[in-house]
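These are my notebook entries on a single protein chain. I set down what I looked up, entry by entry.

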Amino acid sequence: MKAIGWLYDQEFKYVFQNIGKDLWEDLRQEVAVIVLEYDAIKLQELEAKGKQVFKFWIVRICCNQTNSKYGKFGRLYGSLVPVEDIMKFVKEEQQIDNSQEVADGISKIVQGMYWYDQEILSMYVELGSVRKVSKQTGIPHTSIFITIKKIRSCIKQQLVY
């Protein structure tokens, strides 16, 4: 089958690199699957018309795969973010201060809270999850989650170190 051989020569490599960019090898594999699944008689007719006609057909398939919402390649890889753009979303991690001074400050803040918040927090620390606290107390997990969220923000606001 000449068609598959053509897909892997240098001329077609440039086509895939220009259309597929960083994912050109994946695009070439998707197109190869399409060519292999194509009707054999029609494929022979395309081969008989020559390499340039076949190349035009491949370019059209590539464009449809990358630009169409129905193309398998576009659906699979359309949501990928280039590596350079991912760095925009990465936040610098802050050093966590695990000193005794911070622990004492948190203890002092918790002691000044309402009894209900203290109990929910101690159960959360002991059991390790909102769902477990909910199961043990019978309080809806959304209420417990909101309480824990408010407690955390209260501690962060009051904690100065």
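**Entry 1: α2 and α3**

Is the crossing of α2 and α3 right-handed or left-handed? I worked from a predicted model, and in it the crossing of α2 and α3 is right-handed. I then looked up the geometry of the pair. Helix α2 covers residues 10–20 and helix α3 residues 24–37; their axes cross at roughly 115° and come within 8 Å. On the α2 side I listed K13, F16, Q17, I19 and G20, which meet W24, L27, R28 and V31 of α3. Sorted by class, the residues of this contact are 5 nonpolar, 2 polar and 2 charged.

I also checked the loop between α2 and α3, where K21 is found. The phi angle of K21 is near 55°, a positive value in a residue that is not glycine. With a relative accessibility of 57%, K21 counts as exposed, because the cut-off for exposed is over 50%.

**Entry 2: the chain as a whole**

The protein chain has 11 helices and 0 strands, and I read its order from the N terminus as α-α-α-α-α-α-α-α-α-α-α. Of the 161 residues in the chain, 27% are buried. I looked up sequence separation as well: among contacts with a separation of 6 or more, 57% join residues 24 or more positions apart.

**Entry 3: α4 and α5**

How far apart are the axes of α4 and α5? I found 5 Å, with a packing angle of about 125° between helix α4 (residues 40–49) and helix α5 (residues 51–67). From α4, the residues L43, L46 and K49 meet V53, F54 and W57 of α5. This contact divides into 5 nonpolar residues, no polar ones and 1 charged.

**Entry 4: the nonpolar cores**

In soluble globular proteins, nonpolar side chains tend to be buried together. I therefore looked for nonpolar cores, each a set of buried residues joined through side-chain atoms. The largest one holds 18 residues, and those touching the most other members are L7, F16, V31, V35, F54, W57 and I58. Two or more residues of this core come from each of α1 (2–7), α2, α3, α4 and α5. Another core lies apart from it and has 14 residues, including V110, L121, I148 and I155.

I followed L7 further. Beyond its neighbours within four places in sequence, L7 is in contact with F12, F16, R28, V31, A32, V35, F54 and I58. Among these partners, F16 and V31 are also part of the contact between α2 and α3, and F54 is part of the contact between α4 and α5.

**Entry 5: N64 and Q65 in α5**

I turned to two residues of helix α5, N64 and Q65. Is Q65 buried or exposed? Q65 is buried, as its relative accessible area is 11% and the limit for buried is under 20%. With residues up to four places away in sequence left out, Q65 touches L27, I34, G71, K72, F73 and G74.

N64 is partly exposed, with a relative accessible area of 42%.

**Entry 6: α10 and α11**

Helix α10 (residues 130–137) packs against helix α11 (residues 141–158) at an angle of about 125°, with 9 Å between the axes. I therefore recorded α10 and α11 as oblique to each other. The crossing of α10 past α11 is right-handed. V130, R131, V133, S134 and T137 of α10 make the contact with H141, I144 and F145 of α11. The classes here are 4 nonpolar, 3 polar and 1 charged.

**Entry 7: Y116**

My last entry concerns Y116, which is placed in helix α9 (residues 115–127). Y116 is partly exposed, at 25% relative accessible area. Which residues does Y116 contact, leaving aside its neighbours within four places in sequence? I found I139 and T147. Y116 and T147 are separated by 31 residues in sequence and by 9.3 Å in space, from C-alpha to C-alpha.

Technical notes. Residues are numbered from 1 along each chain as its sequence is written. This is a predicted model: local features need pLDDT of at least 70, side-chain atom pairs count only at pLDDT 80 or more; totals for chains, interfaces and linings use all residues. Side-chain values use heavy atoms; hydrogens and water are left out. Axes are lines fitted to C-alpha atoms, for helices over the stretch in contact, and angles run from 0 to 180 degrees between N-to-C directions. Helices (H or I, at least four residues) and strands (E, at least two) are DSSP runs, numbered from the N terminus. Contact means heavy atoms within 4.5 Å. Ala, Val, Leu, Ile, Met, Phe, Trp, Tyr, Cys and Pro count as nonpolar, Asp, Glu, Lys and Arg as charged, and the others, Gly among them, as polar. A crossing is left-handed if the near helix is turned anticlockwise from the far one by less than a right angle, and right-handed if clockwise. A nonpolar core is a set of buried Ala, Val, Leu, Ile, Met, Phe, Trp, Tyr and Cys residues joined through side-chain atoms within 4.5 Å. Buried means under 20% relative accessible area, exposed over 50%, partly exposed in between (1.4 Å probe, protein chains only). Angles under 35 degrees count as roughly parallel, over 145 as roughly antiparallel, 65 to 115 as roughly perpendicular and the rest as oblique.
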